[in-house]
Amino acid sequence: MGNKVISPGEAGVAQAGQAQDGQPGFSRGMVGISNARGAGTNQAPPDIKVSIRELRFYYGKLEALKGITMDIRKNELLTIMGPSGSGKTTLLRSLNRLGDLIAGTSVSGQVLVDGKDIYGPGVDVAELRRRIGMVFALPVVLPMSIYDNVAYGPRKRGIKRRALLDEIVEQALRAAILWDEVKDRLRDHAGRLSGGQQQRLSIARVLAVQPEIIMLDEPTSGLDPISTLRIEELLHELVERYTVILVTHNPLQAARVGGDVAFFLLGELVERAPAGVIFTSPRDKRTEDYITGKFG
Ligand SMILES: Nc1ncnc2c1ncn2[C@@H]1O[C@H](COP(=O)(O)OP(=O)(O)O)[C@@H](O)[C@H]1O
Ligand SMILES: [Mg+2]
C-alpha cells in the first residue's frame, strides 16, 4: 500500500472492497460493499449511521490507520479502546475530516455517513463537523459566560432571537445534565465552573448545534472519579438521542460504559464485541493481554 496523497474526490473510489478476515466479533452489522464505490452511494441499511471501509490514514509516511472496516449503528454507544498511539484520535478525526487540517496527511478508503461518502465531492465540511461533534480530553470553554458559551455555536449559525437562544441553551444544558447546577448563574464566567462541570459544558456546547453523532476523545482523562462517573452516566442519556463514540485507553471505563467495544492496536482494529463478551472471552491474545494489564 503506497502513501500517495489522495484527493478527497479520489478517496471515494480507493480500496473500497476487501472483507476483513481475522476480525472476530466483527461480522455483526456488516453490509455489502461490492458496489460501494464512488461518492454518494447509498449502500448502508437504515440502522447503520457510519460505515467505515478499508480506511487508511497517513501522517506523511506513517500509516496510522491500517485499513479499518467497521459499522456504527444509529443510537449505538461504541467505545474505541486502545493504548496510546493505537490510532483512536486519528479515527475520530477522520470521521469529521478534522485530519484535513493537519499538513502532510492523506487518506484512502471510505467513510459513509448515512450512506454518503464524506470524502466525496460536494461535501460541506463545516456542516459535517456540526453533524459530527467532538468533545476533547480537556474542556473547550471560551472566556465568557456559561450562557454565551452554549449560545456561541447557535449564534454563529445565525440564530439571534433571544427566546429561541434561551430555549436552545436550556435544552443543551439539560441534555448535558448541567442545568440544575448552573440555572441560577448562567451569567457567571464559565471559568468558575469545576473541571467536571466544564467538561459537561463542553458537551452542552456540542449539543447546542444539534449534532447527530457525538465523539468524545478520552473525555474524563482530567477528571476525578465522581465527575468521571457523571460523564459516563451522561453517555447513556445521550445515546437515546444521538450516536455516541467514546474513546478511552482505560479498559475499566470501557467495561463500565458497556455497549460494543472496538479494540485498537497500532492502527488496526483487533476485535470488536459487546463489552460483556470482550471482557470475559476476548478472542484475540492481544486483547486479552491489554485488558489484563500486560501492556499498554
Ligand atoms: N499530528 C500528527 N503528526 C504525525 N503523527 C501523528 C500525529 N498525530 C498522531 N500521530 C501518530 O499517529 C499514530 C496514532 O496516533 P493517535 O491517533 O493520536 O493515537 P491515540 O489517540 O490512540 O493515542 C501514532 O503513532 C502517533 O504518533
Ligand atoms: Mg488520542
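**Figure 1. The residues around ligand 1 in the predicted model, grouped by class.** The shell around ligand 1 contains four nonpolar, seven polar and one charged residues. In this predicted model, the residues around the ligand include Tyr59, Leu62, Ala64, Lys88 and Ile102. Glycine and serine also occur there, among them Gly82, Ser84, Gly85, Ser86 and Gly87. Helix H2 provides the largest share, three residues.

**Figure 2. The open sheet of six strands.** The strands are arranged in the order S6-S7-S8-S3-S9-S10, and their pairing is mixed. Strand S6 (132–135) and strand S10 (268–274) form the edges, and each has a single partner strand, so one side of each lacks a neighbour in the sheet. On average, neighbouring strands of this sheet are turned by 20° against each other, direction ignored. Strands of a sheet pair through backbone hydrogen bonds, in either a parallel or an antiparallel manner.

Figure 3. S6 and strand S7 (residues 213–217) run parallel and are joined by four bridges. The bridge partner of Ile132 in S7 is Ile213, and Val135 stands opposite Leu216. In a regular strand, side chains alternate between the two faces of the sheet. In S6, Ile132 and Met134 point one way, while Gly133 and Val135 point the other way. All four of these residues are buried.

Figure 4. Strand S4 (residues 105–113) is largely enclosed by the rest of the structure, because seven of its nine residues are buried. S4 pairs with strand S1 (residues 48–59) in the antiparallel sense over eight bridges. Within this pairing, Ser108 of S4 is the bridge partner of Arg56. S4 is also joined to strand S5 (residues 116–117), again antiparallel, by two bridges. Here Val113 stands opposite Lys116. S4 and S5 form a hairpin with two residues between them. In its turn, Asp114 has a positive phi of about 50°.

**Figure 5. Ala204 in the largest nonpolar core.** This core comprises 70 residues. The members that touch the most other members are Val111, Ala172, Ala176, Ala204, Ala262 and Phe263. Apart from its neighbours within four places in sequence, Ala204 is in contact with Val150, Ala172, Leu173, Ala176 and Leu178.

Note on methods: Residues are numbered from 1 along each chain as its sequence is written. Chains are lettered from A and ligands numbered from 1 in the order in which they are written. This is a predicted model: local features need pLDDT of at least 70, side-chain atom pairs count only at pLDDT 80 or more; totals for chains, interfaces and linings use all residues. Two strands pair if DSSP finds at least two bridges between them. Axes are lines fitted to C-alpha atoms, for helices over the stretch in contact, and angles run from 0 to 180 degrees between N-to-C directions. A nonpolar core is a set of buried Ala, Val, Leu, Ile, Met, Phe, Trp, Tyr and Cys residues joined through C-beta atoms within 7 Å. A residue is buried if 20 or more other C-beta atoms lie within 10 Å of its own, exposed if 12 or fewer, and partly exposed in between; C-beta atoms are placed from the backbone. Two residues are in contact if their C-beta atoms, placed from the backbone, lie within 7 Å. A residue is near a molecule or strand if its C-beta atom, placed from the backbone, lies within 6 Å of it. Ala, Val, Leu, Ile, Met, Phe, Trp, Tyr, Cys and Pro count as nonpolar, Asp, Glu, Lys and Arg as charged, and the others, Gly among them, as polar.
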